[in-house]
Amino acid sequence: MSLLPAGKRLAFAAQGERLCLGVWRAGRWIVCPYGAVLDGASAKDQCARCAQLDRSRSVAADTMADDPRPYGVYLAYFGPGLLKVGITAAERGPARLVEQGAVAYAWLGRGPLMAARRAEALLGSALSVPDRFAKAAKRAARGALPPVPERAAELAQLHCAARKLPGWPETLEPVEFACADHTELFGLDRIPGEVAELGGMTPGAEIVGEVLTGVGADVYLRLAGVGAEVGVGGKAGAGTGAGERERGAGAAGGVAGAVAVMDARLLSGWVLGPAVGEATTVPVRAAARGAGEREREREGMGGQEGLF
């Protein structure tokens, strides 16, 4: 986040092919021995074989049960009704919550890895608390967040319910409720209600704009561009010239001043060079709506609200 402060101008282009990053070992990346080329629209930065090797010794994949480090169990808030449970190595502090773009969070307990895993599973089975949310749902919620006290109250309610559950792991030390909010850290007040999405890079594609803020892997940009409308599925607007369509592989350039969100994970594996144009040429599409937004729309229409 410190590398992309608000107001910073970005103007870069993808060069060559997007290559697998390899395997993370001993604090560094080991080059992919296969030289695998990755899909520019995928957030995955490894080929299938490197990812499989990484997961052969991974806490996330439950293939590293002997990790002796203490772990923290947390509750993360992404928006109304979007609360999840997760674990992270205690030594990492809140880094995992920042990476995920959690709007607010609270610690639930600390202890050995397997005790933390049991607590995570307990909340999932007894309270139906998920351990992940789709990117679209988290993005949609950021545009209409309730005040901080309401977020804290929702977290506190779940924290209290979790602590009352029978079967709490004996070796997991409970942590008193304390809500940490990321409004200021993420600059959430700089995110407008209407935000488009940037698609994946292709060779020669360019992104030009000004950073508004960053939330986890998402970077919000005010796009530079002229004569194109934000489309759905990357279709060019009526004002886009033939040269610009060719350069962007059929993508829509952003309307000057329009705000779009970019998943920075889509940049990994590319060699980035300076942009030669003055407009974004990757696909710009209308943001996908999250479940909460669809439910609010149904309520406004008088339709029956879904159960889940």
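Modeller: The model is predicted. We can start with Ser128, in the loop between helix H3 (113–127) and helix H4 (135–142).

Biologist: Why is Ser128 called exposed?

Modeller: The cut-off for exposed is over 50% relative accessible area. Ser128 has 60% relative accessibility, so Ser128 counts as exposed.

Biologist: What makes the phi of Ser128 worth a remark?

Modeller: Ser128 has a positive phi, about 55°, and is not a glycine. Most residues other than glycine have a negative phi. Ser128 follows H3 in the chain.

Biologist: How do you know that the length of H3 agrees with its number of residues?

Modeller: The expected span is 1.5 Å times one less than the number of residues. H3 has 15 residues and should therefore span 21 Å; its end C-alpha atoms are 21 Å apart, which agrees.

Biologist: Which residues of H3 are buried, and what do they pack against?

Modeller: The buried residues of H3 are Leu113, Ala115, Ala116, Arg117, Ala119, Glu120, Leu122 and Leu123. They pack against S4, S5, S6 and H5. Arg117 and Glu120 are on that buried list.

Biologist: Which residues touch the most other members of the largest nonpolar core?

Modeller: Val73 and Leu123 do, in a core of 35 residues. The elements giving two or more residues to this core are strand S4 (71–79), strand S5 (82–89), strand S6 (104–111), H3, helix H5 (148–163), strand S10 (206–215) and strand S12 (259–263). H3 gives the most, with 6 residues.

Biologist: What does Leu123 touch, leaving out residues up to four places away in sequence?

Modeller: Leu123 touches Leu75, Val85, Leu108, Ser128, Val129, Ala162 and Leu165.

Biologist: Why is Gly143 called partly exposed?

Modeller: Partly exposed covers values between the 20% limit for buried and the 50% limit for exposed. Gly143 has 34% relative accessibility, and so counts as partly exposed. Gly143 lies in the loop between H4 and H5.

Biologist: What does Gly143 touch, again not counting residues up to four places away in sequence?

Modeller: Gly143 touches Pro192 and Gly193. The C-alpha atoms of Gly143 and Arg190 are separated by 9.8 Å, with the two residues 47 apart along the chain.

Note on methods. Residues numbered from 1 in each chain as written. Predicted model: local features only at pLDDT ≥ 70, side-chain atom pairs only at ≥ 80, totals over all residues. Heavy atoms only, no water. Helix = DSSP H or I, 4+ residues; strand = E, 2+ residues; numbered from the N terminus. Buried < 20%, exposed > 50% of the residue type's maximum accessible area, 1.4 Å probe, protein only. Core = buried A, V, L, I, M, F, W, Y, C linked by side-chain atoms within 4.5 Å. Contact = heavy atoms within 4.5 Å.
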